[in-house]
Structure formats: C-alpha cells, structure tokens
Amino acid sequence: FDNVLEADITNDCLIGENCQKLTQLLQIPASTSYSEIIRVISQKMVDPAFSEEYRRVLSRENVLATLAQGQNILEFECIERSDGENYRWIRVHYCIYLSKITNCVHVISYVKNIEEEKRAYIRLIEKASTDQMTGLLNKTAIKETVQDLLHKYPDESHMVLMVDID
C-alpha cells in the first residue's frame with residue numbers, strides 16, 4: 001500500500017488503484033464512500049484519543065470548508081496502527097484542488113510515518129525542561145506545570161512546596 005490516495009470529495013468516493021488496496025486492508029467493500037472509509041479508519045486504525053478529531057478534520061465538510069477559505073493544504077498528526085498491532089505517529093497530508101475537468105473537489109492524500117520526528121521532539125522537550133545534573137524539572141517547566149494544573153483544576157485547593165538544599 002503506497003500511502004497515496006485520491007478522493008473525489010464532491011461525490012464522496014475514492015479514486016484509483018490504491019483505493020482497492022485500502023478497502024481490502026480495512027476489509028470493507030471497494031464501493032465504500034470516502035466518508036465511511038474515514039469513519040472506519042478512525043475506528044480500526046487510529047488511537048482512540050485521536051479518533052473523533054481524525055473524523056472531524058478529514059471530513060468532507062472540513063475539506064470543503066478549508067478550500068472555501070482559500071487554503072489547499074490540510075494536515076493532521078495522530079497515532080495509528082496500520083499493521084493492526086503497533087501504534088506509531090503519522091502525519092496525514094491533504095492537497096485539495098478543484099478539478100477543471102469534472103468541476104469536483106478532489107484531494108490527494110499522503111500518510112507519512114513521523115515516529116522518529118516525534119521521538120526527537122520529545123527528547124528535545126525533555127532536555128529543555130529538565131536540569132541536566134539532577135534530572136528534575138527546571139524553573140520554567142515547573143512554572144508551566146503549576147499553571148496547567150491551576151487551569152485544569154480551578155476550583156481545587158493547591159499547595160506548592162519548594163526546598164532549596166544548597
């Protein structure tokens with residue numbers, strides 16, 4: 001499966017030979033609509049934490065709204081498991097265009113494995129937020145953590161204890 005697909009958004013269908021490979025992978029009929037394929041992918045392959053947003057971002061309505069706003073690129077990052085078992089970070093990249101021949105909105109999509117990119121990003125965040133000698137959170141990271149907790153639990157009582165041992 002080459003990770004490149006074309007869809008006719010106006011007519012709610014996939015186009016091309018990779019369509020058949022995808023529907024076989026998903027174990028659904030080749031005639032399944034684009035909207036239904038997005039729903040099935042979100043249920044079978046996408047980590048549940050990203051499933052609802054995956055459906056919303058890649059929906060026909062959102063694709064058409066993106067084009068109506070004068071944009072022709074749509075991207076979404078999530079965790080999925082194309083092999084059915086192992087989750088990995090991916091980036092779904094959509095190029096949206098209006099076909100002059102059919103006067104229909106089409107997308108060409110490409111799915112890229114960004115697992116290594118995400119791991120490198122996480123390592124950088126960890127390095128930037130921890131003290132190299134102690135491995136503890138630095139001042140900036142502690143401040144952000146406290147602010148996040150205060151925002152998340154505004155009606156709770158809180159206490160912070162700081163000890164400077166040197």
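User: Where does isoleucine 73 lie?

Analyst: Isoleucine 73 lies in strand 3. Please bear in mind that the model is predicted.

User: Is isoleucine 73 buried, partly exposed or exposed?

Analyst: Isoleucine 73 is partly exposed, because its relative accessibility is 39% and that class covers values between 20% and 50%.

User: Which residues is isoleucine 73 in contact with, leaving aside neighbours within four places in sequence?

Analyst: With those neighbours left aside, the contacts of isoleucine 73 are Thr66, His93, Tyr94 and Cys95.

User: And what separates the C-alpha atoms of isoleucine 73 and isoleucine 37?

Analyst: These C-alpha atoms are 20 Å apart, and the two residues are separated by 36 residues along the chain.

User: Turning to the sheet, what is the order of its strands?

Analyst: The sheet is open and has five strands in the order 2-1-5-4-3, paired antiparallel. Strand 2 (13-15) and strand 3 (73-80) are at the edges with a single partner strand each, so one side of each has no neighbour in the sheet. From one strand to the next, the twist averages 30°.

User: How many bridges join strand 1 to strand 2?

Analyst: Strand 1 (residues 4-8) is joined to strand 2 by three bridges, and the two run antiparallel. Within this pairing, alanine 7 has leucine 14 of strand 2 as its bridge partner, and aspartate 8 is partnered by cysteine 13 of strand 2.

User: What do strand 1 and strand 2 form?

Analyst: Strand 1 and strand 2 form a hairpin, with four residues between them. In the turn, aspartate 12 has a positive phi of about 55°.

User: How many bridges are there between strand 1 and strand 5?

Analyst: Five bridges pair strand 1 with strand 5 (residues 105-113) in the antiparallel sense. Valine 4, for example, has tyrosine 110 of strand 5 as its bridge partner.

User: Which strands does helix 2 touch where it packs on the sheet?

Analyst: Helix 2 touches strand 1, strand 2 and strand 4 (88-98), and its direction makes about 90° with that of strand 2. Helix 3 (residues 48-57) also packs on the sheet, touching strand 3 and strand 4. The direction of helix 3 makes about 160° with that of strand 3.

User: Now the helices: at what angle do helix 1 and helix 2 cross?

Analyst: The axes of helix 1 (residues 17-26) and helix 2 (residues 34-44) cross at roughly 45° and come within 11 Å. Helix 1 is therefore oblique to helix 2. Their crossing is left-handed.

User: Which residues make that contact?

Analyst: Helix 1 contributes Leu22, Thr23 and Leu26, while helix 2 contributes Ile37, Val40, Ile41 and Lys44. By class, the contact has five nonpolar, one polar and one charged residues.

Terms used:
Residues numbered from 1 in each chain as written. Predicted model: local features only at pLDDT ≥ 70, side-chain atom pairs only at ≥ 80, totals over all residues. Heavy atoms only, no water. Axes fitted to C-alpha atoms, helices over the stretch in contact; angles between N-to-C directions. Parallel < 35°, antiparallel > 145°, perpendicular 65-115°, else oblique. Left-handed = near helix turned anticlockwise from the far one by under 90°. Contact = heavy atoms within 4.5 Å. Nonpolar A, V, L, I, M, F, W, Y, C, P; charged D, E, K, R; others polar. Pairing = 2+ DSSP bridges. Buried < 20%, exposed > 50% of the residue type's maximum accessible area, 1.4 Å probe, protein only.
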